[in-house]
Amino acid sequence: LSVPRMTQNQGESDSAEIAMIVRYINAFTQQCQVERGMSAQWVGSKGTNGNPPYDQREKVDKKIEEFMAFVTETHYHAKISRKLLLGISLVEDFFRSIIDIRYQVDLLPEAGPAKTFGLYTAGIEICHQ
């Protein structure tokens, strides 16, 4: 069965865009894992070990901005499967929840680092599904 040339090129383009989405998500989760560890250390020390991970937060925020810019630029909504679109939507939900997680870290919760670590971990796992 012969596939028209235009369709093949479109398929290659879609695959390249999906690969880029995966790269952006992986870059974000890598930086988020660093923030998670620094936050757990900060909370576990009750604020006596260093400072809140503000510099790392900036790195995570930059990765979020890069991902959102790429998604907006490529107009991925019309090009990918509903399943992948749902996955991206869950990742975007985690982006929004980071603000709440950081607020809890800054308050040095009595629950300690386990709760903070768990909040980050749940979001990172969503990104890897």
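User: Which residues in H3 are buried?

Analyst: Some ground rules: this is a predicted model, where local features need pLDDT of at least 70, side-chain atom pairs count only at pLDDT 80 or more, and totals for chains, interfaces and linings use all residues. Residues are numbered from 1 along each chain as its sequence is written, and side-chain values use heavy atoms, with hydrogens and water left out. Buried means under 20% relative accessible area, exposed over 50%, partly exposed in between (1.4 Å probe, protein chains only). An α-helix has 3.6 residues a turn, so residues three or four places apart point the same way. In H3, the buried residues are Ile 88, Val 91, Glu 92, Phe 94, Phe 95, Ile 98, Ile 101, Arg 102 and Val 105. Helices (H or I, at least four residues) are DSSP runs, numbered from the N terminus.

User: What span should H3 have, and where does H3 bend?

Analyst: H3 bends by about 30° at Ser 97. After H3 comes Leu 108, with a positive phi near 50°.

User: How many aromatic pairs does a search of the whole structure find?

Analyst: Rings of Phe, Tyr and Trp (its six-membered ring) pair if their centres lie within 6.5 Å; planes under 30 degrees apart count as stacked, over 60 as edge-to-face and the rest as tilted. The search finds four pairs. Phe 28 and Phe 94 have ring centres 5.8 Å apart and planes at 70°, so the pair is edge-to-face. This pair links distant parts of the chain: Phe 28 sits in helix H1 and Phe 94 in helix H3, 66 residues apart. Phe 67 and Phe 95 have ring centres 5.5 Å apart and planes at 80°, so this pair is edge-to-face. Phe 67 lies in helix H2 (residues 54-74) and Phe 95 in helix H3, 28 residues apart.

User: Which residues form one aromatic cluster?

Analyst: Phe 28, Phe 67, Phe 94 and Phe 95 do. Phe 28 is buried, at 0% relative accessible area. Phe 67 is buried at 0% relative accessibility, Phe 94 at 4% and Phe 95 at 9%.

Note on methods. The bend at a residue is the angle between axes fitted to the seven residues ending there and the seven starting there. Helices (H or I, at least four residues) and strands (E, at least two) are DSSP runs, numbered from the N terminus.
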